[in-house]
Amino acid sequence: MRSFSFGARVLAGATGISATFMAGGLAKDKYNQYQASPIISTTPTLAAVARDAVKGPFSLKAEASSAKERTFIMIKPDGVQRGLVGDIIKRFEQKGFKLVAIRMMAPGEAHLREHYADLAARSFFPGLVKYMASGPVVAMAWEGENAVKTGRVMLGETNPRDSKPGTIRGDYCITVGRNIIHGSDAVESANHEIGLWFRDEDVCDWKPCQEDMVYGDN
């Protein structure tokens, strides 16, 4: 029995050694195959993404397609009486807009009815016209990129209670009946209002020396 047991152990050991060598050989073959055929990844590397991102020419060119857009702004009698004309003009100038027309006038009720014609059916219309004719107003045309929408943002909401601090109405007035300023709500209405308040020769087409500092291309 001992002889058989010893022989079995020797045979088992030899078999194990042989299996080990075979496994090692297979592993080596697989390793060599891996070395010869590298894995091709379809996922782009970070370096590749960065390289692709800067292939095109770097440009900071500003889009000035709407740089000639104009809006109509009018300071109402309460804004004039309170001495806010200079502060309001300063805000538009500091924003970068260009003043192309301005006049101080007492327009009269007939002119104001035409200006506010879209509100003629509203109950407050007679009082609005009477108030607007109670003193001089300052009518202006401003030019610049996205002038209508940006101008409305600068004015704030129609009701000063809803206007954020930093806007003209948010900083200077309290009630909707004395909201100090009017601004066009669309490009079409701006063109109509500018034509209503100014003659063609009143509107100046000029280039300020700071224009390149506002709309300059790099």
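Start at Lys207, in the loop between helix H9 (187-197) and helix H10 (211-215). Before we go on: this is a predicted model.

Is Lys207 buried or exposed? It is exposed, because its relative accessible area is 56%, and the cut-off for exposed is over 50%. What does Lys207 touch, leaving out residues up to four places away in sequence? Lys98 and Asp212. Now look across to Val100. Along the chain, Val100 and Lys207 are 107 residues apart. Their C-alpha atoms are separated by 10.0 Å.

Stay with Lys98 for a moment. Its charged end sits over the ring of Trp206, 5.9 Å from the ring centre. There is another charge over a ring elsewhere: Arg178 lies over the face of Tyr131, at 4.0 Å from the ring centre.

Tyr131 takes us to helix H6, residues 125-132. Which residues of H6 are buried? Phe125, Leu128, Val129, Tyr131 and Met132. Look down the helix axis. Those buried residues fall within an arc of 165 degrees, so they line one face of H6. Turn to the face pointing away from that buried side. There you find the exposed residues Pro126 and Lys130. And what covers the buried residues? The cover includes strand S1 (70-75), helix H3 (77-81), helix H5 (109-115) and strand S3.

Next, the rings. How many aromatic pairs are there? The count comes to four. One of them joins Phe92 and Phe97. That pair is tilted, with 6.4 Å centre to centre and 35 degrees between the planes. Both partners are buried. Phe92 counts as buried because its relative accessibility is 0%. Phe97 counts as buried too, because it stands at 7%, and the cut-off is under 20%.

Phe92 has a further partner, Trp142. Here the rings are stacked, 5.3 Å centre to centre, with 25 degrees between the planes. This pair links distant parts of the chain. Phe92 is in helix H4, residues 85-95, and Trp142 is in strand S3, residues 137-143. They are 50 residues apart. Trp142 is buried as well, because its relative accessible area is 0%.

One last stop. Ring pairs link Phe72, Trp197 and Phe198 into a cluster.

That's the tour. Over to you for questions.

Methods
Residues numbered from 1 in each chain as written. Predicted model: local features only at pLDDT ≥ 70, side-chain atom pairs only at ≥ 80, totals over all residues. Heavy atoms only, no water. Phe/Tyr/Trp six-rings, centres within 6.5 Å; stacked < 30°, edge-to-face > 60°. Buried < 20%, exposed > 50% of the residue type's maximum accessible area, 1.4 Å probe, protein only. Helix = DSSP H or I, 4+ residues; strand = E, 2+ residues; numbered from the N terminus. Lys NZ or Arg CZ within 6 Å of the ring centre and 35° of its normal. Arc of directions from axis to C-beta. Contact = heavy atoms within 4.5 Å.
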